[in-house]
Protein chains: 2
Amino acid sequence: MSDFVHERHKDPTRLIRPRELIVACVPMRSNVNISQIARTASACAVEKMIICGNASLISKIARDATSHLCVSTHRSLSPVLKKLKQEGYRIVGIEQASHSQNIHHFSFARRTVLVIGNERLGISDDILGQLDDVIEIPVWGMPHSYNAASAANMALYEYCRQFPEG
Amino acid sequence: MSDFVHERHKDPTRLIRPRELIVACVPMRSNVNISQIARTASACAVEKMIICGNASLISKIARDATSHLCVSTHRSLSPVLKKLKQEGYRIVGIEQASHSQNIHHFSFARRTVLVIGNERLGISDDILGQLDDVIEIPVWGMPHSYNAASAANMALYEYCRQFPEG
């Protein structure tokens, strides 16, 4: 009736160049969320992730991200974002803000830092002031918001959809 | 320097018709994953979700999905998928399988049941035999797979991207 046969552990898709996407998390409440974001980022072949304060990866959740993703920890995000902007990265936050753009119509720059906000507080005003773009993921129903890791996950999906070859 | 100002709790996007997407989970290992899928589905204004066996939603994670999403529990998925197929739903599973299509190039039917596989075992052969399509989300890096809830989340994002108005 069907020709669908399981093929677990297929080869991954090849990139023709390394990803220039960096994922940067503001100080978060939950290491579970950070670890889920790390796992997805690693599976997307993102090479660098920035986390703040006392955050750390839970290896059972982050899986191979603990060994394949270069995670750097900073006291605050602001100085490192400033430096990355000077290196030509576009700083893009996911947040509900004035002038934010619908991610469905947003074209990512290859060289992007994706900023993920805190679960409750989102992205603080000082970091908002450093962003080149704010993108918003549409919601249609209650609770009118996505979990922080889910939103990061969707943005990673969209970036990779736009750059399937890196 | 920036005109980005927080606007938490913006109004959601309006649908011009109710979503005809149903999310169906095979028996899963983790109610956390099921609850995360439910939260995202509810925020996407999905109205129906099907779960199996002893699964249940954790309200702290699923949030408003517990009151806004109609969740029905079945002993197994097979009979309910058969019935939904007769009602004109296209049955689409996320899985690595022979003849699976890259989700980046896949056009969803509006009337779709999205089947989510088990965290370890994926979608079993009997259910694979009932699918009209198998879609695959590309992976580029280790661990060469997404968490089940993350994969569901990406597929929900893609469906809603294709049907922003329902």
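Two strands count as paired if DSSP finds at least two bridges between them, and strands (E, at least two residues) and helices (H or I, at least four) are DSSP runs numbered from the N terminus. This is a predicted model, in which local features need pLDDT of at least 70 and side-chain atom pairs count only at pLDDT 80 or more, while totals for chains, interfaces and linings use all residues. Residues are numbered from 1 along each chain as its sequence is written, and chains are lettered from A and ligands numbered from 1 in the order in which they are written.

**View 1. The sheet of chain A.** Seven strands of chain A form an open sheet with parallel pairing, in the order 3-2-1-6-4-7-5. Strand 3 (70-74) and strand 5 (101-102) sit at the edges with a single partner strand each, so one side of each has no neighbour in the sheet.

View 2. Strand 5 of chain A runs parallel to strand 7 (residues 133-136) of chain A, and two bridges join them. Here Q101(A) stands opposite I135(A) of strand 7. Helix 1 of chain A packs on the sheet, touching strand 1 (21-25), strand 2 (48-52), strand 3 and strand 6 (112-116), and its direction makes about 175° with that of strand 1. Helix 4 (residues 78-86) of chain A packs on the sheet too, at about 135° to the direction of strand 4 (90-94). Angles run from 0 to 180 degrees between N-to-C directions, with axes as lines fitted to C-alpha atoms, for helices over the stretch in contact.

**View 3. Helix 6 meets helix 6.** Helix 6 (residues 148-162) of chain A packs against helix 6 (residues 148-162) of chain B at an angle of about 60°, their axes 9 Å apart. That makes the pair oblique, the class left over once angles under 35 degrees (roughly parallel), over 145 (roughly antiparallel) and 65 to 115 (roughly perpendicular) are taken out.

**View 4. The axis between the copies.** A rotation of 180° with 0.0 Å of shift along its axis superposes chain A on chain B (RMSD 0.0 Å), by least squares on the C-alpha atoms of residues with pLDDT of at least 70 in both. That is the relation of a two-fold axis. In chain A, the C-alpha nearest the axis belongs to M154(A), 2.8 Å away from it.

Technical notes. Two residues are in contact if their C-beta atoms, placed from the backbone, lie within 7 Å.
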